[in-house]
Amino acid sequence: MSKLLLVGNNQGELKNKLTQQGYEVTELSIQSADAKKIKSATADIDGIIYPVELDVITNDKFYKVKEKISANTKKPSFSISKSNDLDSLFDEVFSGDYSDDVIIGADEFKGELENPVLNDDIISLVNQLKDKKILPAEVKKERKIIVNAIKPIANKKPGPNPFLKKKADEPKPEEKVEEAQPEEVKEEPKQEEPQAEEAKPVEASPKEEPKQEETPVEEEKAEEPKEEKAEEAPVEETKVEEPQEETQVEEPKQEAPQPEEAKEEALEPEEVKSEEEPQEETLEAQPEESEEAPAEEATEEEPQDTEEAIEEPKEDAIELTDLSDDDLDALLDDSESAIDKTIDEDALEKAIAKFDKEEYQKAFELFGQTIDHPVAREYVAYMYLNGLGVDQNDEEAFNNYQLAVTYGNKHANCGLGDCYYYGIGTNKDDKLALKAYEAYDEIDEEVMLHIANCYYYGKDIINFEKAFELYSELEETNNPQVLYNLGMLYYSGFGTEKDLDRAFELINKAAEQQYPQAINQLANMFRNGEGCEANQRRAFELYTEGAKLRDDASIKNLADYYYDGVVVKSDKTKAVQLYKKSATLGCGDGAYMLGTLYDNGDGLTLSQEDAIKWYQVGANLNSVYALCELARHYYYGYGVKKNNEEAFKYYKKAADLGYTPAMIDVYRCYRNGIGTDLSEENALKYITMASDLNDVDAIIILGDSYRNGDMVGRDSYMAITIYERAARLGSTLALIKIGDIYYYGDGIDKNPRAAFRKYSEAAELNDGIAFSKLGDCYYNGVGVDIDHKEAVKNYKRAIRDKFPHAYYMLGRCSELGLGLPQNEKEAFKNYKIAAELKDPEALYELGNHYLNKNNPDYDPEEALGYFEDARDRGYTPAMLSMAKIYFEGIGIERDVDFAKDLATKAKEMGNPDAETFLRNFFPEEEK
């Protein structure tokens, strides 16, 4: 942080002190601030300081100015009291006869100004943050990739068979939720442990990850009162706190209704415990005897190993855990029953009857007497899975589903598929899950949805085209998950053409059925004006609706509105509470936001230690933002010891979760050997992954690789093809790069008309660089007739964006009288501006100016400084000028060897004049 905006009246003393510390300070007077001055003052700053005294805090206009500044820039701000007695300052406001604007504004500031801070303390505070990049507390855009985030579909009950009578699903208890008003959202009962954040296909993420070592991360324990469970409820994932060796993307959850008495406690990072003694408890623990309910999924590392209530006959049990891949595949083949034993059909019929009557313990006993029957195996698997009549045991559920399939029960393939899909009692394996689902005895709509979800979320088998095809077939079922996922495919443009109107239509239908993810995404679309007109009030209402359903992302987004004061009055205390609530429910981005608040001292006391803790919580919940922030802290050593290996680890995890900016960071790490071994192969892999996911920056980097022959063979035509992809995504830089290839004949024949055409396309998008390039075309007659007046017109458009080359060319036009009246003072002025912006040609021009003995301000030392700046930017004419100065000792001590080195470097870089210089001054070496 180096450029600060000081907002207040008569702050000269503070401004002087900040200036002495090396800061560039702009002061904005409250009384004279208008929209134009605010826009100008906030155009190029790193942070804002609001020094608050009584004459400021009691000024109505101050709050209007602050509001306009906040709307104009999201740069971090510090509200600092210069009063020795903070309480007295506010007492004067509240006891005085001030307007409502002042009272409300002062009340807001009272929460921000925790301690009185004087000038010297302000300097100290800002210095602590000088070298630290502070993220704005604004809500970041959601990720742009579909991620593995699926709510498990209810495991199919055993059947069909001659004995099983189909039973209607029992209605689930409705959750009572207090109505949330726009001004305030009622807090749900709190719980101690965050559930894993379900990455939403809002916009983001693939995920594959080469094997890597991960260090233990902080983790929390939580305990939730037990609750009854509804029959045929979804298999829910809840144990997802600890990071896995292999990155797995968490499934989106639609939470089972919570009893009113359920208590939750807000997640606090201080309670996070080390993984050295991992102890996991599900948020929704199951009672010893309960109604048929969602099965809780055990983590792969610690499968549940509960004792069976009734011992199962073991005589025909088969150990399946060590089967080969071929054996596992064989389980899914069509086959007749693998047994040929007499089964007590009466006992099986009685067992099924007891199961239907929900007499589960008796049913489990009877199934044990007929365990060799494939139908009995499926029932036993289902009962182990859901803890019906026996302690829940995921491994036993998985083994019995395998045996049921082995014995010829094709219906059990659905349960076996769920075990592989969710990692229940076995390792998660999308390919085997898909095989199992496809081997089911009758592909009905529910199983088709399972298969579609495999293609939509499956890490190893992701295929958006097939997912789109299946979801389209299922659209008429009006299943909210189908509507939502199909809408997200239209939203992202994966598997089909992007269509925001169609996406809005489908997601709206899913939201009408109270599907939480759809409600949140619909709010996002209203918030950003995607597929509809932007409507912040409607977005706020939808986030509130999602919050009532305990959707963690909705709660986090609602917190953003309270924090930023959008639609409702800004309330940072409530925002912090909601961020904590969302993190408690498993929203990693909510934890990330708490980290940024601690990191910036914005709404919470400045504390990098607490920031790191919350970033770690967010990272444990797979927030790509938290992962990248941790990586950044380790890379720069902010609040932790600098550690490139840790930085790489977190960047890579975020990349393998599909976050394309992290993929670019991983590319750079592999490219430069930062925290990992150099590997062009892996670097190319990650930048290609990001490019395939339409990250424009990644596409540009890949195009540059082909243009320069970096990691791949040089191929300018391939570079143009890749740049065209970025151009179709709206990149003006890509158009300019294509124009440059044609302009300079970079690896292909020059094509002036094509260059002019590409620059024109970019200029139509109001790009300053493109205007400068067009100016060059008119100035030099490239692809168009020479027209210096038109050149000047385009250069003037370019300087609106402070493009340095345009200033240089305006200086040249003034010096030579081309398109402008000849004016050496005006020329020098523009050269000076361009040089300050580090344009190498302008630096070289000014160096020549000060080296000219005919100029009254002749100064060889000054000239050398400009030449050095130009040399550092690879400008070879400046290298030769420096060589001349050192060879002749103009204004400095003569250094012939250094002069020779400079000229040799210029020659190696292709400067034709360098060879002449060496031949003239070093003839022997040249021979």
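Reply: A residue counts as buried when its relative accessible area is under 20%, as exposed when it is over 50%, and as partly exposed in between (1.4 Å probe, protein chains only). The model is predicted, so local features need a pLDDT of at least 70 and side-chain atom pairs a pLDDT of 80 or more, while totals for chains, interfaces and linings use all residues. Numbering starts from 1 along each chain as its sequence is written, and side-chain values use heavy atoms, without hydrogens or water.

Helices are DSSP runs (H or I, at least four residues), and they are numbered from the N terminus. Start with the loop between α16 (464–474) and α17 (480–492), where Asn478 sits. Asn478 is not a glycine, yet its phi is positive, near 60 degrees. Its relative accessible area is 39%, which makes Asn478 partly exposed.

Arg550 also has a positive phi, about 65 degrees, and is not a glycine either. It lies in the loop between α20 (536–548) and α21 (552–564). Is Arg550 buried or exposed? With a relative accessible area of 2%, Arg550 is buried.

A glycine comes up after helix α11: Gly387 follows that helix and has a positive phi, near 65 degrees. Of the 13 residues in α11, 13 are buried.

Asp344 is partly exposed, at 42% relative accessible area. Together with Glu345, Asp346 and Glu349, Asp344 forms a surface patch of negative charge. Patch residues have over 30% relative accessible area and no salt bridge, and like charges are joined within 9 Å (nonpolar side chains, namely Val, Leu, Ile, Met, Phe, Trp and Tyr, within 5 Å). Asp and Glu count as negative, Lys and Arg as positive, and His and the chain ends are left out. A salt bridge is a side-chain nitrogen of Lys or Arg within 4 Å of a carboxyl oxygen of Asp or Glu. By this rule there are 25 salt bridges, one of them between the side chains of Lys354 and Glu359 at 3.0 Å, N to O. Lys354 is partly exposed at 27%, and Glu359 is partly exposed at 34%.

Definitions and conventions: Areas by Shrake-Rupley, 256 points an atom, 1.4 Å probe, with all protein chains shown as cover. Charge placed at Lys NZ, Arg CZ, Asp CG, Glu CD. Helix = DSSP H or I, 4+ residues; strand = E, 2+ residues; numbered from the N terminus.
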